[in-house]
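Student: I have just opened this structure and would like to learn how to read it. Could you walk me through it?
Tutor: Gladly! Let's look together.

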Amino acid sequence: MIQFQGVHKWFKKLHVLNGIDLHVKPGEVVVVCGPSGSGKSTLIRTINQLEPINEGSLVVDGMDLCSKKTDINRLRAEVGFVFQQFNLYPHLSVLNNITLAPTKIRKTPKKEAEEQAMALLERVGLAVKRDAYPTQLSGGQQQRVAIARALAMKPRIMLFDEPTSALDPEMIGEVLAVMQDLAKTGMTMVVVTHEMGFAREVADRVVFMDHGVILEEAKPLEFFKNPQHDRAKQFLKQLLSPMH
Amino acid sequence: MDFSVIVDNITYFMIGRYPNGPLGGLGLTLYLAVVSCILSFFGGLILGLLSLSRFAVIRYPVNLVINTVRGLPLLMVIFWMYFLLPALMGKTVPESQTVIMGLTIFTSAYMSQIVRAGIEGIPKGQVEAAISTGLKGWQAMLYIVLPQGMRNMIPSFVNQFVSLIKDTSLAFIVGVSELTHVATQVNNRTMSYPTEIFIFIAAVYFVLCFSFTSFSRWLEKRLAWRKSI
């Protein structure tokens with residue numbers, strides 16, 4: 001579904017992705033973790049080409065991202081992306097946030113798009129907020145709307161870039177629950193997160209990155225019980241008991 | 001002080017010889033301001049968008065034009081239009097049109113900077129969110145960035161419009177009978193009331209501009225953008 005082969009990426013002189021090889025199978029949920037500045041956000045952003053890669057090959061859903069023939073807008077329509085900062089459109093109501101892309105790109109009739117949007121809002125538990133504006137919602141609610149907005153395009157892959165990092169602790173659960181439900185439907189998901197509880201319960205695989213390199217790839221249980229790499233051990237230790 | 005000269009000529013100050021002759025006075029001032037304002041809104045929008053183009057071939061010449069115009073006195077631009085436009089078109093162009101042209105070019109250059117700042121003020125995440133759902137660049141601009149940017153631009157637009165109203169007085173120099181020109185006409189005709197006449201004219205400009213700045217301040221309060229997050 002997503003195939004990285006020898007992917008390199010530089011920001012000026014900074015080598016952010018240093019030879020990434022990663023294969024995500026259809027229906028798989030992959031959690032990417034690592035210390036800040038490890039390149040995990042950049043990694044996930046290359047998948048829908050918010051960040052173009054400089055070297056190597058990247059094939060997503062059968063489309064070669066390096067080929068000039070690939071219609072990048074079409075690819076992005078098939079790949080949902082959820083941001084750390086939600087990035088809802090503040091000038092549009094919740095409903096219009098969700099229906100914008102389907103009506104403009106899929107040419108879905110307005111009424112049908114609204115019905116689908118309502119079904120999605122139902123699914124993330126926010127049907128009552130259809131006419132609210134993003135600023136009137138809590139962070140957790142905004143993020144759930146953002147997930148509904150991404151799902152409205154009926155994507156085949158969903159990418160989450162630290163979806164709960166900007167949330168107050170009591171709101172993290174509601175967002176993770178939505179993501180867990182989504183994983184159960186068999187959606188292919190790549191999730192950058194520090195929520196190790198989520199990784200343990202939902203992920204099929206955990207990928208640990210540092211300095212632009214994938215240091216470790218393992219099933220969640222193995223990774224948490226018995227991390228191989230020193231830096232992974234240290235990372236987990238700091239994550240689980242930040243005071244020490 | 002004898003303000004009867006104002007009362008006697010009030011229609012002339014307001015609308016010139018209209019409807020028996022061409023529109024003049026305050027009417028013409030407003031006409032010049034409104035038409036130039038509408039034209040330079042679109043001019044500014046287009047120039048602003050082009051100045052942010054991804055393509056250097058478009059961006060550089062557009063910025064060159066904008067910066068050149070911004071570096072010239074308005075009076076110079078009006079003179080240029082007055083002498084150049086007829087030469088370029090190969091026929092006579094009414095003075096008021098040359099003035100509108102000059103004001104439009106000049107104000108468009110300034111408006112483009114407002115548009116540019118308005119667009120650049122929208123967080124990058126908005127565009128990223130839009131293109132992530134598959135929207136094309138221009139769709140993200142049209143549906144997401146501009147509607148938000150416009151709201152931020154409105155107060156600056158109003159301020160620019162106020163400047164424009166005052167700038168129309170420069171049309172005087174090429175003999176367009178707007179408010180200032182009409183005032184000098186009446187002054188030359190009556191000879192003995194310059195103080196009264198120019199106090200009146202100043203008051204008219206002030207009232208006009210002050211009401212717009214007040215309007216702009218009110219708008220700014222009403223449209224104060226509540227930040228998301």
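## Reading chain B and chain A

Tutor: Chain B has 229 residues, and 43% of them count as buried. Please keep in mind that this is a predicted model.

Student: What share of the contacts in chain B with a separation of 6 or more is between residues 24 or more positions apart?

Tutor: Here you look at how far apart two touching residues sit in the sequence. For chain B, residues 24 or more positions apart make up 73% of the contacts with a separation of 6 or more.

Student: Which residues lie nearest the centre of the largest pocket?

Tutor: With a pocket, begin with its volume and then look at its lining. The largest pocket has a volume of about 800 Å³. Its lining holds 20 residues, and those nearest the centre are L52(B), R54(B), G137(B), W138(B) and M141(B).

Student: Which residues does a cis peptide bond join?

Tutor: The angle to check is omega. A cis peptide bond joins Y18(B) and P19(B), with omega at about 0°. You will find P19(B) in the loop between α2 (10-15) and α3 of chain B.

Student: Where is M191(B), and is it buried or exposed?

Tutor: M191(B) sits in the loop between α9 (179-190) and α10 (194-223) of chain B. Its phi is positive, about 70°, although it is not a glycine. M191(B) counts as exposed because its relative accessibility is 63%, and the cut-off for exposed is over 50%.

Student: Now chain A. How many bridges join β1 to β2 there?

Tutor: For paired strands, ask about direction, then find partners. Strand β1 (residues 2-11) and strand β2 (residues 14-24) of chain A run antiparallel and are joined by eight bridges. One pair to find is F4(A) with its bridge partner L22(A) in β2(A). The two strands form a hairpin with two residues between them, and K12(A) in the turn has a positive phi of about 50°.

Student: How many bridges join β1(A) to β4(A)?

Tutor: Five bridges join β1(A) to β4(A), and these strands also run antiparallel. Look for Q3(A), whose bridge partner in β4(A) is V59(A). As a general idea for strands, side chains in a regular strand alternate between the two faces of the sheet.

Student: Where is D61(A)?

Tutor: D61(A) lies in the loop between β4 (55-60) and β5 (63-64) of chain A. Its phi is near 50°, a positive value in a residue other than glycine. D61(A) is also one of the residues that E78(A) touches.

Student: Is E78(A) buried or exposed?

Tutor: E78(A), in helix α2 (residues 72-78) of chain A, is buried because its relative accessible area is 16%, and buried means under 20%. Leaving out residues up to four places away in sequence, E78(A) touches D61(A), M63(A), R106(A), K154(A), P155(A), R156(A) and I157(A).

Student: Which residues touch the most other members of the largest nonpolar core?

Tutor: Of its 50 residues, I98(A), I147(A), M158(A), F160(A), M179(A), M189(A) and F223(A) touch the most other members. Helix α6 (residues 169-184) of chain A gives the most to this core, with eight residues. Apart from it lies another core, of 39 residues, among them F4(A), L17(A), V32(A) and F83(A).

Student: What does M179(A) touch?

Tutor: Not counting residues up to four places away in sequence, M179(A) touches I147(A), F160(A), P163(A), M189(A), V191(A) and F198(A).

How values were computed: Residues numbered from 1 in each chain as written. Chains lettered and ligands numbered in written order. Predicted model: local features only at pLDDT ≥ 70, side-chain atom pairs only at ≥ 80, totals over all residues. Heavy atoms only, no water. 1 Å grid on protein atoms, 1.4 Å probe; cavity = no way out; pocket = protein on both sides within 12 Å on 5 of 7 lines; lining within 4 Å. Points joined across faces, edges and corners; volume = space filled by probe spheres on them. Helix = DSSP H or I, 4+ residues; strand = E, 2+ residues; numbered from the N terminus. Buried < 20%, exposed > 50% of the residue type's maximum accessible area, 1.4 Å probe, protein only. Pairing = 2+ DSSP bridges. Core = buried A, V, L, I, M, F, W, Y, C linked by side-chain atoms within 4.5 Å. Contact = heavy atoms within 4.5 Å.
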